[in-house]
There are 2 protein chains.
Amino acid sequence: MTIYKAPHEEQFFILEHLLGLDHFKSMPRYADLSDDLIESVLTETAKLFENIWHPLNQKADMSGGCKLTADGVKVPEDFHAAHKAYVDGGWIALAMDPAYGGQGLPETLAFSMLEQAVSANTSLCGFYGCKSAATTILTHGNAEQKATYVENLATGQWGGTMCLTEPHCGSDLGLLRTRAEPQGNGTYKITGQKIFITGGDHDLTDNIIHLVLARLPDAPPGVKGISLFIVPKIMADGSRNSLSCTAVEKKMGLTASATCAMEFEAAIGFLLGAEHRGLNAMFTMINESRLSVSMQAYALAEIATQNAVAYAHDRLQGRYIGGARDEGAVADPIIVHPDVQRLLILNRAYIEAARAAIYWSVMQMDISRHHPDDETRRAAEDILSFMTPVLKGYLTEEGFEATSRALQCFGGHGYIRDTGVEQFLRDTRITMIYEGTTGIQALDLLGRKMKFYPAFLKYLKDFTDGSDFPDDLRAYRDALKSAIEVMEQARAIVMALASDNPHAYAGVSVYFLRIVALLTMGYFWGLMVQAAMQSKDSRFGEDFRARKKLTADAYFALVMPEIHALHHKIKAGANSFPDLRSVFA
Amino acid sequence: MTIYKAPHEEQFFILEHLLGLDHFKSMPRYADLSDDLIESVLTETAKLFENIWHPLNQKADMSGGCKLTADGVKVPEDFHAAHKAYVDGGWIALAMDPAYGGQGLPETLAFSMLEQAVSANTSLCGFYGCKSAATTILTHGNAEQKATYVENLATGQWGGTMCLTEPHCGSDLGLLRTRAEPQGNGTYKITGQKIFITGGDHDLTDNIIHLVLARLPDAPPGVKGISLFIVPKIMADGSRNSLSCTAVEKKMGLTASATCAMEFEAAIGFLLGAEHRGLNAMFTMINESRLSVSMQAYALAEIATQNAVAYAHDRLQGRYIGGARDEGAVADPIIVHPDVQRLLILNRAYIEAARAAIYWSVMQMDISRHHPDDETRRAAEDILSFMTPVLKGYLTEEGFEATSRALQCFGGHGYIRDTGVEQFLRDTRITMIYEGTTGIQALDLLGRKMKFYPAFLKYLKDFTDGSDFPDDLRAYRDALKSAIEVMEQARAIVMALASDNPHAYAGVSVYFLRIVALLTMGYFWGLMVQAAMQSKDSRFGEDFRARKKLTADAYFALVMPEIHALHHKIKAGANSFPDLRSVFA
């Protein structure tokens, strides 16, 4: 049996002290936001996720998850009550426009809540694609479409999916084959197969609205000929549309989320947005989805680590290398062993900076959408655009490592399914893949996002060049300064390769992404210690500051040095990353 | 459906060219060994493992593995035929003394065969603890025990287990509670619970011989009071001994191997070896078991990579960054993409050096047991003793990474159980734990094995100081030379910590182990390229040499640089690795 406790102290610290309310209050939409409101929301949602969602997590995994029946997909029975509690609480629409049933709160707060949901029960979160569908229709739909779909989706009355992938086409959406035939009456008939559709069918809601990418008959080839369609499972007249789930995939993890193969057989659909502009409409959601997957990675590491820490206090094994800690006991708890502490502090160093980086990035998303000043909105969008592939690429890979380190603390017991920690590792593995693999993120960073690199660098330098550096921060500033030099050298090498040697350029791209990510994490560690030092809030007093400093120290001592290896790899790869097909012939 | 093809080319190259027959022929026991014999054995065994064992691997995993019934543990039905083919071929006893039904061939050859078995079906391998039991009884048993048990175990007529772990006691065997009461007639009654007993019960053989660690009534506390007992499932008179399997664990991976909880209730046992010397007797097998687990890690990476390479040739997605490779097709196969090549070459760089290091180490085991010269035997034992924790610690962690990289090549399809590759990742995860976690290996290296470090260093220097360095080798020699300097600096720091700061010493121990391992892998890459250059064998001609060089280049460019990060971490950790319990209070 696993445990989960929402990390309120960390959440409140970041929202209220690292980010601070001023940023939100500069947007009229969020003028009423207060610390009290943040805390009451996250305290209330924690009850739901800790007490109702989490106890179902392992049980659903062990029971084999969703079943495909003649009557469609059935979720594990007790998911229904969990779903009802989530919908009835009004939580799904936390950040939605009040005109559509939402509470109009910042997306940053919604992400903080979702982090709890993911930690508590990641598979169940897979049924809430409705939120993305609502936002996409709100952004690109006409008045009638908005009136028909947005509120029902935003509040979770209806399910929603995004149907992109096909059997032969994942990262390369240009290969998409699903067809849309105009019927002359404003509707289209959609025909094709889609796979890996999360929540493609289930019995939690009466209706499911699919947003489907397909090609019109006159569509140009490639990604420029893709349109987006609204395809409901149940039509307005109550009839069933001609689409069905043909399989629920058995997966390594997230076993209780319904990953569906869908068949559309001349299903009725409605064009969403402009013809041939479907990918653009879908990409409205790309930053949000990628940040959401990055959050999933550290949220799973969070719960895995909570369980590992608890186990490390309980399990007696061996004696402390500095002398027995508890003479009376037969052995010391393994939390005393330096290597166990190393595994756990690496996890904390990852999770806490990841959370800060994600909340900060989602706040940029809020600003990019709602700030009254054009320039501020654009600057927020630029830095968000830069951070997204960096965080998606790094946080997901490191989240997988972190859940693996948590498992390691359990020894052989970690490998046993009853213990529960191995599920977190299996659940995390997909984050490195969906919404774009790490390799795809690295190409996105280098190929499309480097124009925002100067803005990123300015954030770092504004911190390292700050005039007021107490001793507690000096070491971090110095470490960041020399890391910036390494990053700059690596950037120069990589940028030169772009034209000279595209093969080597793409070959070392992931290493460059990792350097940028390590600087990002270091930057947030610096900011966190600074914020902890400046806080007058008694909840974040001496003990809290000491803990933050020890964890920041561990980050700079045991994690940041990876940049040296990455720099060497980029230098070596620049000289020697030939086409290796002959090795695999 | 997964594929497996025994890597004969690599196996023959290492056995015949990297190691060479001379080393084996210096031992009278192996005077008749020939290349032909090696090849005929490994060709014959490949047929068994490729055609009979491998097709059962995924099926057994999907079907949920072994079942505990009122009549004991039942293996998946088709394991019986696979077992019979293995036993009938006489393969289990390949390296056993001919006096006990064996073929008297080198353990190195047996490991080469076992590598194939593990790649083909790791779970099924879990039923052959009989081999270790046979060797332990052969080494420590009296004449009657040898006559009764060794041949039956060595040939696989009977199963065998090693019963160490108890619910509260794993790494710290001093906590062991199972009791042994002398009956005054030369027998003992054994009472206690054991867990994680691989192959603890099953229906592949009529009898199973358990080697059980237990305490005599007058035993001193701790590890010095542990004795070893032979406890058969079925007694000589055909009656059942009072022991039973009480549970088969559900595990993350190796789902079709029977990991049993065993209850001994006054079961009749026979003392094996001297009283209170049980741990020593069990430790006879420790190097072999740890090398075997290390081999398991790279053998799983091997099959995972074979499948990833095949998929990367088939799957069309995107265009090559250097221009379309196949203008006529809708997209290029993903093998052209530099990041996919990076994932795969990292795996090859790991697997091939791992195989070389393991075969070489097992050859040292053969030499340590059978060489006529005392000094040679001892030197082989010393270097084996040093290499064992290094390889166990590094190869298992890297094997997990490698299976994860293989999965990554499949994108979303890798996460689907039908694809089969995720099973390899799940199966590999345990290697970092059983037979001692990575942290335990690092403490073994630093605490007990550094006296053999000079011997290790001499191997490296004999290579780097060699006088005859063609251009092809010079870069590797130079890289190794500067890596040796880094390792020496790291060693000096770590050794100073041993007395000054035991906490930090243990805290950075894994980093030091990794540095030693990276040098080891680099050394074997150097040796392999050298052997490939020197070989006159037409099978290992220009293409083979070119492939080896490209892979060695990738190792030195993209893997070896990790030593710089590790060196920095050790330096930083030496100054700042405080007791972190307060962070986790």
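**A side chain and its setting**

Tutor: Arg474(B) has a relative accessibility of 35%, so this residue counts as partly exposed; the class lies between the buried limit, under 20%, and the exposed limit, over 50%. Please keep in mind that the model is predicted.

Arg474(B) forms a salt bridge with Asp471(B), and the closest N and O atoms are 3.6 Å apart. Asp471(B) counts as exposed because its relative accessibility is 64%.

Phe469(B) sits in the loop between helix H15 (453-464) and helix H16 (471-500) of chain B. The relative accessibility of Phe469(B) is 7%, so this residue is buried. For a sense of distance within the chain, consider Ala95(B), which is 374 residues from Phe469(B) along the chain; the two C-alpha atoms are separated by 37 Å.

Over all chains, the search of the whole structure finds 82 of them. One of these joins Asp88(A) to Lys84(A), with 2.7 Å between the closest N and O atoms. Asp88(A) and Lys84(A) are separated by about one helical turn, because they are four residues apart in helix H4 (residues 79-88) of chain A. Both of these residues are exposed.

What is the setting of the salt bridge between Lys233(A) and Asp201(A)? The closest N and O atoms of this pair are 2.7 Å apart. Lys233(A) lies in the loop between strand S7 (227-232) and strand S8 (243-248) of chain A, while Asp201(A) lies in the loop between strand S5 (188-198) and strand S6 (208-214), so the pair ties together parts that are 32 residues apart in sequence. Lys233(A) is buried, its relative accessible area being 9%. Asp201(A) counts as buried as well, because its relative accessibility is 8%. Salt bridges can also be linked in a network, as they are for Glu16(A), Glu39(A), Asp537(A) and Arg539(A).

Glu302(A), in helix H10 (residues 286-314) of chain A, is buried, with a relative accessible area of 2%. The side chain of Glu302(A) makes a polar contact of 3.0 Å with the side chain of Arg355(A), and another, of 3.4 Å, with that of Arg348(A).

We may now turn to the place where the chains meet. The contact takes 90 residues from chain A and 90 residues from chain B. The area buried between the two chains is about 7700 Å², and carbon and sulfur atoms give 66% of it. Met252(A), Tyr415(A) and Phe584(A) supply 11% of the area that chain A buries against chain B, more than any other three residues.

On the side of chain A that touches chain B, helix H11 (residues 338-370) of chain A gives the most, with eight residues. The residues of that side divide into 44 nonpolar, 24 polar and 22 charged.

Finally, how are the two chains related? Chain A can be laid on chain B with an RMSD of 0.0 Å by a turn of 180° and a shift of 0.0 Å along the axis. The two copies are therefore related as by a two-fold rotation axis. In chain A, the C-alpha nearest the axis belongs to Ala565(A), at 2.6 Å from it. The same surface serves both copies, since 100% of the contact residues of chain A recur in chain B.

Definitions and conventions: Residues numbered from 1 in each chain as written. Chains lettered and ligands numbered in written order. Predicted model: local features only at pLDDT ≥ 70, side-chain atom pairs only at ≥ 80, totals over all residues. Heavy atoms only, no water. Contact = heavy atoms within 4.5 Å. Buried area = accessible area lost by both parts, 1.4 Å probe. Helix = DSSP H or I, 4+ residues; strand = E, 2+ residues; numbered from the N terminus. Nonpolar A, V, L, I, M, F, W, Y, C, P; charged D, E, K, R; others polar. Buried < 20%, exposed > 50% of the residue type's maximum accessible area, 1.4 Å probe, protein only. Salt bridge = Lys/Arg side-chain N within 4 Å of Asp/Glu carboxyl O. Least-squares fit on C-alpha atoms with pLDDT ≥ 70 in both. Polar contact = N/O pair within 3.5 Å; in protein donor to acceptor, adjacent residues only side chain to side chain.
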